Amino acid sequence: MPLLLFTRVACAMSMRNHTSVTEFILLGISNTEGLESMLFALFLVFYVFALLGNLLIFLTILASPNLHTPMYFFLGNLAVFDIFFPSVNSPKMMDYLIRQGRTISYQGCVSQVFFYHTLGGTECFLYTVMAYDRFVAICHPMRYTVIMNHRVCTCLTVGTWVGGFVHGSILTFLIFKLPYCGPNKVNSFFCDIPVVLSLACADTSLARTVSFTNVGVVALTCFLLILTSYTRIVISILKIRSSEGRRRAFSTCSAHLTSIILVYGPVILVYLRPASSPWLDSVVQVFNNVITPSLNPLIYTLRNKDVKLALKKVLSQGAQPLGYKE
């Protein structure tokens, strides 16, 4: 209800600013004419895999007492995020590919911008918290359970989602406070800040500056905190005398580092470049929206022995006949 109310308020404020556009036309992914059926099948596979893979990881963490630790608590939150995030834009994109459903209502466009940047902010904050968790685990192992207690983990997790909500709310307010009186063709497969702002019937310099600064400050601050955590982690790992100990310490961080690269690459390419390229933006956004959420289950299971063992146990229990007991 609060999210629905926010969307209605944003729409009402924009209407007061003489907005006459009631719907937008999504132009889709450029240079893909004739490939719609193939792309639909490809994106559908990635989308279903993202939903099922992340749901399986989340349920595995819930069902496995040995995974009830801070590290897997945050991983469970990441799995929930990776279920929500591709669901913001992927269904509309696949509708466009299979049915040529190009139109999206004004309210739908507001919702896409809001949820996309709310979840995007949440993702940045969540990866920062996960980096801090690894820092405490490796640099302060004797105090890990004291520092990362249940209350701290809960507060950090709530903070990531609330922070994302505030981030998305500010950006959505700035963008849809402007009047939109036509044209209404969005040069992308979903509504996002750069392509929507170009359609405004007013000076967008303030909105562009503030949105660029907001996204940049959030992304850069989180990145610097992550970099600081991993610098301390590397220093601590290099002090470990045994090669086996160093290997195990690095292995606990490798999956997280891989995910960070996949997340921050698209953010830099789309939002922090001075010049915009519609084709490159579309490719990067498809990767960020559809492919990355489907890769995280593989990244965190293939490189994590505890998750693999717990997953095998959950799947074997699910495959047992009704009434069977070991």
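Q: Is Cys201 buried, partly exposed or exposed?
A: In this predicted model, the relative accessibility of Cys201 is 32%. Because buried means under 20% and exposed means over 50%, Cys201 counts as partly exposed.

Q: Which cysteine forms a disulfide with Cys201, and what is the handedness of the link?
A: The sulfur atom of Cys201 lies 2.1 Å from that of Cys181, and the two residues form a disulfide. Cys181 is in the loop between H6 and S3 while Cys201 is in the loop between H7 and helix H8 (205-238), so the pair ties together parts that are 20 residues apart in sequence. The torsion about the S-S bond is about -130°, so the disulfide of Cys181 and Cys201 is left-handed.

Q: Are the cysteines joined by the disulfide of Cys109 and Cys191 buried or exposed?
A: A disulfide joins Cys109 to Cys191, with an S to S distance of 2.1 Å. Cys109 has a relative accessible area of 0%, and Cys191 has a relative accessibility of 0%. With under 20% counting as buried, Cys109 is buried, and Cys191 is likewise buried.

Terms used. Residues are numbered from 1 along each chain as its sequence is written. This is a predicted model: local features need pLDDT of at least 70, side-chain atom pairs count only at pLDDT 80 or more; totals for chains, interfaces and linings use all residues. Side-chain values use heavy atoms; hydrogens and water are left out. A disulfide is a pair of cysteine sulfur atoms within 2.5 Å. Buried means under 20% relative accessible area, exposed over 50%, partly exposed in between (1.4 Å probe, protein chains only). Helices (H or I, at least four residues) and strands (E, at least two) are DSSP runs, numbered from the N terminus.
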